[in-house]
Amino acid sequence: MIWAFLKFTKTLNEIPAFVGIIKEKIMSVLVYTESENGKFKKTAFEVASYAKAVADQLGTTVTAVAVNANDSSELGQYGVDKVLNVSNADLNDFNAKSYAAVVKQAAEKEDAKVVIVSQSADSKYLAPVLAVGLNAGYASNVVEAPSSTAPFTVKRTAFTNKAFNLTTIDTDVKVVGVSNNAFGLVENSGSAAAEDFSPALPTSGVKVESIDKATDKVTIADAEVVVSAGRGMKGPENWGMIEELADVLGAATACSKPVSDLGWRPHGEHVGQTGKPVASNLYIAIGISGAIQHLAGINASKVKVVVNTDPEAPFFKAADYGVVGDAFEVIPQLIEKLKAFKAANA
């Protein structure tokens, strides 16, 4: 009887170590963290924060995949326990097939049952390829941590961000795409262990000749504030005030499709359903009437402001705040007031 009691007590003492093994081996949460020129994008920290929330619900840890990042240790501040560092010159330019292969092999290595990605332009190409490779269910445009992990249920935007739905993923492996600026950054006190990882790369069949990128500007994907303008600006020569307003706000500049089609602004600034999607905290539309395709692409923005001379412009129905007025009168005054406010609070 005494022997049985001692044996049971020993078993209890071993439970924490046993649970730790289970966490490490069976239910890892893997997160793909995007970087550019060796520096993590804001979305990397947001998906890491989301992965930490999921890991806490599942009682496990977070492993991140970082490709050609200079300093992966900062991921530890957002809940990552381990980083698989991939350093490969063949991955300097994004290719969905190659990057999906990297994340797939990392998921298999870590026995990950949940894989988290962002909803950036790159990850929207990567995620479906990854899901097929892992035979996983994929939920895109997720805006909250799972409401349940058994079954695994997440809240998503639907109908071009006009509604929400609850989606259950019942596959063994699950891929979750987190909407930009939906979950936010959540700092955690911790550090991330680093491990070199050298996955095999497939033959991509894609050759990048050149990439033209805007420098010294906030990108639309990472921007919390976006200043966008349309044909109401009357010509490319009037874009100076748009850029000045964006500079004062620390915002990215964007435009409507007709503007980019006319060659007034680069196609990389075209936002909307047929351009880049926007999920900023603040979206300012100047001289944009609000075609349905444009509104569909920016509906995920939290606060929308419109400046237009036409009070019947469709954008006013979608906006949180509106100014009926001439942009050439309104914007200079707005810039002046913002500069005065910043100077008074410096």
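At what angle do helix α3 (residues 96-110) and helix α4 (residues 121-134) pack, and how far apart are their axes? In this predicted model, the angle is about 45° and the axes are 9 Å apart. Since angles under 35 degrees count as roughly parallel and those from 65 to 115 as roughly perpendicular, α3 comes out as oblique to α4. The crossing of α3 past α4 is right-handed. If you want to look at the contact itself, pick out Ala96, Tyr99, Ala100, Val103, Lys104, Ala107 and Glu108 on the α3 side. Facing them from α4 are Tyr125, Leu126, Val129, Leu130, Gly133 and Leu134. Sorted by class, the contact of α3 with α4 holds ten nonpolar residues, one polar and two charged.

Now for another helix pair, α5 (residues 240-249) and α9 (residues 327-344). Their axes come within 10 Å and cross at roughly 25°. With under 35 degrees as the cut-off, α5 therefore counts as roughly parallel to α9. This crossing of α5 and α9 is left-handed. On the α5 side, the contact is made by Met241, Glu244, Leu245, Val248 and Leu249. From α9 come Ala327, Phe328, Ile331, Pro332, Leu334, Ile335, Leu338, Lys339 and Lys342. The contact of α5 with α9 has eleven nonpolar residues, three charged ones and no polar ones.

Follow the strands across and you get β14-β13-β15-β16-β17, an open sheet of five with parallel pairing. The edge positions go to β14 (252-255) and β17 (321-324); each has a single partner strand, so one side of each is left without a neighbour in the sheet. From one strand to the next, the twist averages 15°. Where does α5 sit on all this? It packs on the sheet and touches β13, β14 and β15 (282-286), with its direction at about 175° to that of β13. As for β13 (residues 225-229) and β14, four bridges join these two strands, which run parallel.

Next, some loops. Asn161 is in the one between β9 (152-158) and β10 (163-169). Is Asn161 buried, exposed or something in between? Its relative accessibility is 28%, so Asn161 counts as partly exposed. Leaving aside neighbours within four places in sequence, Asn161 is in contact with Ala296, Asn299 and Ala300. Take Ala296: 135 residues separate it from Asn161 in sequence, yet the two are 7.3 Å apart in space, C-alpha to C-alpha.

Finally, a few backbone details. Most residues other than glycine have a negative phi, and most peptide bonds are trans. Against that background, have a look at the bond joining Ala150 and Pro151, which is cis, with omega about 5°. Pro151 is in the loop between β8 (148-149) and β9. Then there are two asparagines with positive phi. For Asn37, phi is near 55°, and this residue is found in the loop between β2 (35-36) and β3 (39-40). Because its relative accessibility is 73%, Asn37 counts as exposed. Asn68 has a positive phi of about 55°, and it lies in the loop between β4 (62-67) and β5 (82-86).

Notes. Residues numbered from 1 in each chain as written. Predicted model: local features only at pLDDT ≥ 70, side-chain atom pairs only at ≥ 80, totals over all residues. Heavy atoms only, no water. Axes fitted to C-alpha atoms, helices over the stretch in contact; angles between N-to-C directions. Parallel < 35°, antiparallel > 145°, perpendicular 65-115°, else oblique. Left-handed = near helix turned anticlockwise from the far one by under 90°. Contact = heavy atoms within 4.5 Å. Nonpolar A, V, L, I, M, F, W, Y, C, P; charged D, E, K, R; others polar. Pairing = 2+ DSSP bridges. Buried < 20%, exposed > 50% of the residue type's maximum accessible area, 1.4 Å probe, protein only.
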